[in-house]
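The sequence and the model come first.

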Amino acid sequence: LGGPVTVSPGSGQPEVFQPGLVDVLLTEVALEPNPLSVPVGSTGQLNLSGLTGEGESVILPGNTTASVSYQSANANIATVNNNGLVTGMAVGSTQI
């Protein structure tokens, strides 16, 4: 009886990650897939990546010391765990 849950990224963006001991500024951050559609009762995986000023693509947190956290704007529609795994809870849309 359920339909898809449409999830799109919120506006928060991490700015710095640390590969080893060097801070690197990220010039772009992307949450993919965008949008993510998850049927009620199913799960979908979000992945966060960044682009350095040197053009290097980095999967976050990956092999960095970056801390990545996810939060659902409406947990009645979709929940998300600390690894970006989204679970559809009800028909609707929300931001992660």
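## Open sheet

Strands β5, β9 and β8 form an open sheet of 3 strands, in the order β5-β9-β8, with antiparallel pairing. The edge strands are β5 (43-45) and β8, each of which pairs on one side only. Direction ignored, neighbouring strands of this sheet are turned by 25 degrees against each other on average. Axes here are lines fitted to C-alpha atoms, for helices over the stretch in contact, and angles run from 0 to 180 degrees between N-to-C directions.

Within the sheet, β5 and strand β9 (residues 85-88) pair in the antiparallel sense over 3 bridges. Two strands pair if DSSP finds at least two bridges between them. Threonine 43 stands opposite threonine 87 in β9.

## Basis of the model

This is a predicted model, in which local features need pLDDT of at least 70 and side-chain atom pairs count only at pLDDT 80 or more, while totals for chains, interfaces and linings use all residues. Residues are numbered from 1 along each chain as its sequence is written, and side-chain values use heavy atoms, with hydrogens and water left out.

## Chain overview

The protein chain has 0 helices and 10 strands, and its elements run β-β-β-β-β-β-β-β-β-β from the N terminus on. Helices (H or I, at least four residues) and strands (E, at least two) are DSSP runs, numbered from the N terminus.

Of the 96 residues of the protein chain, 31% count as buried. Buried means under 20% relative accessible area, exposed over 50%, and partly exposed in between (1.4 Å probe, protein chains only). The protein chain exposes about 5,800 Å², and carbon and sulfur atoms supply 49% of that area. Accessible areas come from the Shrake-Rupley method with a 1.4 Å probe; for residues, only the protein chains shown count as cover. Among contacts in the protein chain with a separation of 6 or more, 52% come from residues 24 or more positions apart; contact means heavy atoms within 4.5 Å.

## Nonpolar core

The largest nonpolar core has 15 residues, and those with the most contacts inside it are Leu46, Leu48, Leu60, Tyr70 and Val86. The elements that give two or more residues to this core are β3 (24-32), β4 (36-39), β7 (57-60) and β8 (78-80). Such a core is a set of buried Ala, Val, Leu, Ile, Met, Phe, Trp, Tyr and Cys residues joined through side-chain atoms within 4.5 Å.

Not counting residues up to four places away in sequence, tyrosine 70 touches Leu31, Leu46, Asn47, Leu48, Val80, Asn81, Asn82, Asn83, Gly84 and Ile96. Leucine 48 lies in strand β6 and counts as buried because its relative accessibility is 9%. Its C-alpha atom is separated by 6.4 Å from that of glutamate 32, 16 residues apart along the chain.

## The β6-β7 hairpin

Strand β6 (residues 47-52) runs antiparallel to β7, and 4 bridges join the two. Glycine 50 stands opposite valine 58 in β7. The hairpin of β6 and β7 has 4 residues between the strands, and there glycine 55 takes a positive phi near 85 degrees. Most residues other than glycine have a negative phi, and most peptide bonds are trans.

β7 has a covered face, Val58 and Leu60, and an uncovered one, Ser57 and Ile59. In a regular strand the side chains alternate between the two faces of the sheet.

## Cis peptide bonds

Which residues does a cis peptide bond with omega of about -5 degrees join? They are glutamate 32 and proline 33, and proline 33 is in the loop between β3 and β4. A cis peptide bond also joins asparagine 34 and proline 35, with omega about 5 degrees. Proline 35 is found in the loop between β3 and β4.

## Single residues

Threonine 94 is in strand β10 (residues 92-95) and counts as buried because its relative accessibility is 7%. A polar atom of its side chain lies 3.0 Å from the backbone nitrogen of asparagine 74.

Leucine 25, in strand β3, is exposed, with a relative accessible area of 55%. The C-alpha atoms of leucine 25 and glutamate 54 are separated by 9.7 Å, and the two are 29 residues apart along the chain. Alanine 90 is found in the loop between β9 and β10 and is partly exposed, with a relative accessible area of 26%. Alanine 90 and glycine 41 are 8.0 Å apart in space, C-alpha to C-alpha, and 49 residues apart in sequence.

Terms used
A polar contact is a pair of N or O atoms within 3.5 Å; within protein, one must be able to donate a hydrogen and the other to accept it, and residues adjacent in sequence count only if both atoms are side-chain atoms.
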